[in-house]
Amino acid sequence: MPDLFAFLDERRGAAADARVFALMANCPDILRAFIAMADRVREGAGLDPALRELAIIMACQTLGNQYELSRHWNIARRLGLPREKLELIWDFESSDAFTNLEKSVLRLARHATQAPQQVSRDVWNAVHSALGDEKSLALLFSIGWYNMTARITGPLALQLEPDLERL
């Protein structure tokens, strides 16, 4: 389906060969909608991309999804997040490497991934009071989006591209 590959190349450039897109190409209409929605979620209403990537990495770690974790680890590194900080994400509560806002974001990502209906008002309010309505909701969309993709790539045991190395 050359038109589908042209679409992917146009929208994803160097990432067009990601295995997740090849997998989703089995459902071309879903793939097109997925890309459009992913683009909107990534733009995130002006949400700081570093905060978004911290939340995505936490969601992926919580779910044990290595496919998306490795891809977003590299995005976070390209955004300037130090490796040492990323290695501390799981134990962020006891680390001085994170700001209060980053800890709030990581807490929300973990709790919203573990038990979405049980996110406490305190966890939500800490993020919401710092980011406001639009950015807080954009953050939840990012967390939810990667919960969804992990639930697609996980059961299918999608493997990383052979040339993808963690930065």
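**Ground rules**

I am working with a predicted model, where local features need pLDDT of at least 70, side-chain atom pairs count only at pLDDT 80 or more, and totals for chains, interfaces and linings use all residues. Residues are numbered from 1 along each chain as its sequence is written, and side-chain values use heavy atoms, with hydrogens and water left out.

**Entry 1: salt bridges**

How many salt bridges does a search of the whole structure find? I got six, taking a salt bridge as a side-chain nitrogen of Lys or Arg within 4 Å of a carboxyl oxygen of Asp or Glu. As a reminder to myself, side chains of opposite charge can pair when their charged atoms come close.

I began with Arg-42 and Asp-39, whose closest N and O atoms are 3.0 Å apart. Both residues sit in helix α3 (residues 28-43), three residues apart, so about one helical turn separates them. For helices I used DSSP runs (H or I, at least four residues), numbered from the N terminus. The general rule is that an α-helix has 3.6 residues a turn, so residues three or four places apart point the same way.

Next I checked whether each partner is buried or exposed, with buried meaning under 20% relative accessible area, exposed over 50%, and partly exposed in between (1.4 Å probe, protein chains only). Arg-42 is partly exposed at 40%, whereas Asp-39 is buried at 6%.

Helix α3 holds another pair, Arg-40 and Glu-43, also three residues apart, about one turn of the helix. Their salt bridge is 2.9 Å from N to O. Arg-40 has a relative accessible area of 47% and is partly exposed; Glu-43, at 49%, is partly exposed too.

I then turned to Glu-93 and Arg-107, which meet in a salt bridge of 2.8 Å, N to O. This pair links distant parts of the chain: Glu-93 is in the loop between α6 (83-87) and α7 (100-114), while Arg-107 is in helix α7, 14 residues apart. Glu-93 is partly exposed at 41%, and Arg-107 is partly exposed at 21%.

**Entry 2: helix α5**

Helix α5 (residues 66-78) has 13 residues and reaches 18 Å from its first C-alpha to its last, close to the 18 Å expected at 1.5 Å a residue. That expected span is 1.5 Å times one less than the number of residues.

Which elements do the buried residues of α5 pack against? I found α2 (19-24), α4 (49-63), α6 and α8 (121-153). The buried residues of α5 include Tyr-67, Leu-69, His-72 and Trp-73.

Asn-65 caps the N-terminal end of α5, with a side-chain oxygen 3.4 Å from the backbone nitrogen of Tyr-67. Just after α5, Gly-80 takes a positive phi of about 105°.

**Entry 3: a surface patch**

Met-37, Leu-137 and Phe-141 make a nonpolar surface patch of about 270 Å². Patches are made of residues with over 30% relative accessible area and no salt bridge, where like charges are joined within 9 Å and nonpolar side chains (Val, Leu, Ile, Met, Phe, Trp, Tyr) within 5 Å. Leu-137 belongs to helix α8 and is partly exposed at 45%.

**Entry 4: single residues**

For contacts I counted heavy atoms within 4.5 Å, and I left aside neighbours within four places in sequence for Thr-153, Leu-106 and Ser-136.

Thr-153 is in helix α8 and is buried at 2%. Thr-153 is in contact with Val-20, Asn-65, Tyr-67 and Leu-158. I had already noted Asn-65 as the cap of α5.

Ser-136, also placed in helix α8, is buried at 0%. Ser-136 is in contact with Trp-124, Val-127, His-128 and Leu-131.

Leu-106 is buried at 0%.

Last, I looked at Ala-157, which lies in the segment after α8. Phi of Ala-157 is near 50°, a positive value in a residue other than glycine. Ala-157 is partly exposed, at 48% relative accessibility.

Methods:
Helix = DSSP H or I, 4+ residues; strand = E, 2+ residues; numbered from the N terminus. Polar contact = N/O pair within 3.5 Å; in protein donor to acceptor, adjacent residues only side chain to side chain. Areas by Shrake-Rupley, 256 points an atom, 1.4 Å probe, with all protein chains shown as cover.
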